[in-house]
Amino acid sequence: MISSSLQQLAEALGSKAISSVELTQLYLDRIARHDARLNAYITIDAEASLSQARLADQRLARGEGGPLTGIPIAQKDIFCAKGWRTTCASRILDNFVSPYDATVIQRFADAGAVLLGKTNMDEFAMGSSNETSYYGPVRNPWDLDCVPGGSSGGSAAAVAARLTPAATGTDTGGSIRQPAALCNLTGIKPTYGVVSRWGMIAFASSLDQAGALAPSAADCARLLNVMAGFDERDSTSIDRPAEDYCREIDSRPNGLPLAGLKIGLPKQFLGEGNDPQVMQLIEAAIADYEQLGAEFVDVSLPNMGLSVAAYYVIAPAEASSNLARFDGVRYGYRAPDYRDLNDMYRRSRAQGFGAEVKRRILIGTYVLSHGYYDAYYLQAQRIRRLIANDFSEAFRHCDLLLGPTIPSPAFKLGDKAADPVQMYLSDIYTIAVNLAGLPGVSTPCGFVGKLPAGLQLIGNYFSEARLLNAAHRYQQVKPWHLQLPPGFAE
Amino acid sequence: MIPYKPLPSNTSVIFAMSLTLEQVRRVAQLARIEISDDEANSTLAQLNSIFALIEEMQSVDTQGIEPMAHAQEMMQRLRDDLPDARDSGERRAAFQAIAPETAEGLYLVPKVIE
């Protein structure tokens, strides 16, 4: 059962081969047995999950089930879920039980999916290794000494160890694609504005986008079908007709499955900074894509090298503004002792936020302060446009871009924790995609020793169906995604 | 959307290559985060290494490039400023149940005015 795709699970539930209660219990048992080694979940509420499963079984019995009805899904602990503790992996929200559902949570509930638990993450999604969580680091199921990536590291580890069939994530600078790559999963960050941000705790609002992590591209397409859609409560939600993200995957091509697809190889993605073994896997994947009918062209993204610098101005600037709301007044942590109102704010925030979150708030406050705004914030926004223009130019010559998701496989816990700049550079290939607002997918492309590597595909705006299909066709000939980490197969 | 106004050409741009301890304390005060001297010192070194990375941007000529504030070129949607059913008063109790301190439907904070 734990190797089943979402489609197979839906068929098993539809044919009564298994009930939602049984399936949910199976995953709750796996979490109880294995999660002490991973720390992938922050909150489990078996009774709440099983009561949703019972409702799903009734719905299935009435013949009213949809593609996700009765299927347990883990939710990143950044999505507010009514009655569930929603912490964003921060002490400042340790006691926060959400009084409402995020739109993403509501859409899964409407589809009849079961909320299996809330997954661990970097505090406020600020991190690339899941080491900044107030609840402790998450470990990579492929090597318990290594990080799972971040910030959606709990979601990635949980799916990789099959402690859930699939999970949600959010991606501000690579936080879905990078952990997907390090944990042998498919991860999709949709076009900015495709999935509602309402009820998703904000980090950097012009970059944040929710998406999905699952073993296969076909699974991700089914998840996106439920998650995507216009939401009037998110002022940046895009009002456009709903689409079926499975449509290209489900089609039967005449001839080669990717005939006519033109893939660009940005030279900035394929240079010397990459681990040579990761590069060998990427080159092998390029050959596989040629066999599938794709054509390759060389392209250039000349300003890509500036993306990390621009990101570490824009994202902290937006974060410093967004996180001003955590003040110890309306919800969350309030310091026990203080002299006056200002002191209450200062102590509540000092005690409630972890070191990385404080660092980013300080950077953001500084770059927005008087005298520095033009030199940093506006300059970063101008560079953001140069980067977006580079992508537009590249997409005049090709349909998709291909390269590694991250230059190296997973690193050891603690290796980069003391050096923020080294940590930030691990997102070098993912950040530019967020700055431009484009969709990106990471798909497994093989192993370096026992550690997985990921291949990133980037598409033009709203090309999710095509991106997922390009990953899917590759997965049909190179099913790396079906491999399970030793120690979690039982 | 807020229309973009280009800078006057004589605007002097300040390039801060590194922060001072006093600036770290000042920024922490602006951000309402209490910071000890030890923390300020260790934060200073880390912030300066991050700013060294950020300084790469300063060598790029961006004259005439319009800042990109958002990932999508779209107008901000507006709605009537009226409560809808979801905002009804019945939810006040639920929202205040999770507050550190309330009384009679109000959020309590330390006394500000004597």
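In this predicted model, chain A and chain B bury about 5900 Å² between them, with 65% of that area on carbon and sulfur atoms. On the side of chain A, the residues that lose the most area to chain B are A:L362, A:R382 and A:R385, together 12% of what that side buries. In terms of contacts, 73 residues of chain A touch 57 residues of chain B.

Polar links also cross the interface. The rule finds 25 residue pairs in polar contact between chain A and chain B, both residues at pLDDT 80 or more. Six helices of chain A, namely α10 (307-322), α11 (341-352), α12 (355-367), α13 (373-394), α14 (420-425) and α15 (431-436), each supply at least two residues of the side that touches chain B. The largest share of that side, 13 residues, comes from α13(A). The count of salt bridges between the two chains is three. In one salt bridge, the side chain of A:K358 meets that of B:E39 at 3.6 Å, N to O.

The largest pocket holds about 1400 Å³ of space. Of its 46 lining residues, the closest to the centre are A:R197, A:S205, A:S235, A:N322 and B:H70. Within chain A, α10 and α13 each supply at least two residues of the lining, and α13(A) gives the most, with five residues.

The table sets out residue classes for the two surfaces.

Note on methods:
Residues numbered from 1 in each chain as written. Chains lettered and ligands numbered in written order. Predicted model: local features only at pLDDT ≥ 70, side-chain atom pairs only at ≥ 80, totals over all residues. Heavy atoms only, no water. Contact = heavy atoms within 4.5 Å. Buried area = accessible area lost by both parts, 1.4 Å probe. Salt bridge = Lys/Arg side-chain N within 4 Å of Asp/Glu carboxyl O. Polar contact = N/O pair within 3.5 Å; in protein donor to acceptor, adjacent residues only side chain to side chain. Helix = DSSP H or I, 4+ residues; strand = E, 2+ residues; numbered from the N terminus. 1 Å grid on protein atoms, 1.4 Å probe; cavity = no way out; pocket = protein on both sides within 12 Å on 5 of 7 lines; lining within 4 Å. Points joined across faces, edges and corners; volume = space filled by probe spheres on them.
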